Amino acid sequence: MKFPQQALLLFLLNLLDAILTIIWVRNGYATEGNHLMASLLDLGNTPFLGVKIAVGAVTAFVLWR
């Protein structure tokens, strides 16, 4: 079964959102509005990025199935 383009696009946009969030928050241009994700970002970039990618991957997989 082929992975739909919409699910891939959703995952890639989620990844872009994560990267831009890290850049903007670290440079003081924005704040993370989601308290859970803000807590993860306080722990470091890796925990934040890991959870953000996992959520995007699960969402894309559910959309695919």
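Helix axes are lines fitted to C-alpha atoms, over the stretch in contact, and their angles run from 0 to 180 degrees between N-to-C directions. This is a predicted model. In it, the axes of H1 (residues 5-26) and H3 (residues 45-64) cross at roughly 160 degrees. Helix H2 spans residues 35-43.

**How H1 and H3 pack**
- Two packed helices are described by the angle between their axes and the distance between the axes.
- The axes of H1 and H3 come within 9 Å.
- Angles over 145 degrees count as roughly antiparallel, so H1 and H3 are roughly antiparallel to each other.
- The crossing of H1 and H3 is right-handed.
- On the H1 side, the contact includes Leu 10, Phe 11, Asp 17 and Arg 26.

**Trp 24 in H1**
- Trp 24 sits in helix H1.
- Its relative accessibility is 42%, so Trp 24 counts as partly exposed.
- Leaving aside residues up to four places away in sequence, Trp 24 touches Tyr 29 and Ala 30.

**Leu 41 in H2**
- Leu 41 belongs to helix H2.
- Leu 41 has a relative accessible area of 3%, and therefore is buried.
- Leaving aside residues up to four places away in sequence, Leu 41 touches Ile 22, Val 25, Arg 26, Glu 32 and Phe 48.
- Leu 41 and Leu 63 are 22 residues apart in sequence. In space, Leu 41 and Leu 63 are 27 Å apart, C-alpha to C-alpha.

Conventions. Residues numbered from 1 in each chain as written. Predicted model: local features only at pLDDT ≥ 70, side-chain atom pairs only at ≥ 80, totals over all residues. Heavy atoms only, no water. Helix = DSSP H or I, 4+ residues; strand = E, 2+ residues; numbered from the N terminus. Buried < 20%, exposed > 50% of the residue type's maximum accessible area, 1.4 Å probe, protein only. Contact = heavy atoms within 4.5 Å. Parallel < 35°, antiparallel > 145°, perpendicular 65-115°, else oblique. Left-handed = near helix turned anticlockwise from the far one by under 90°.
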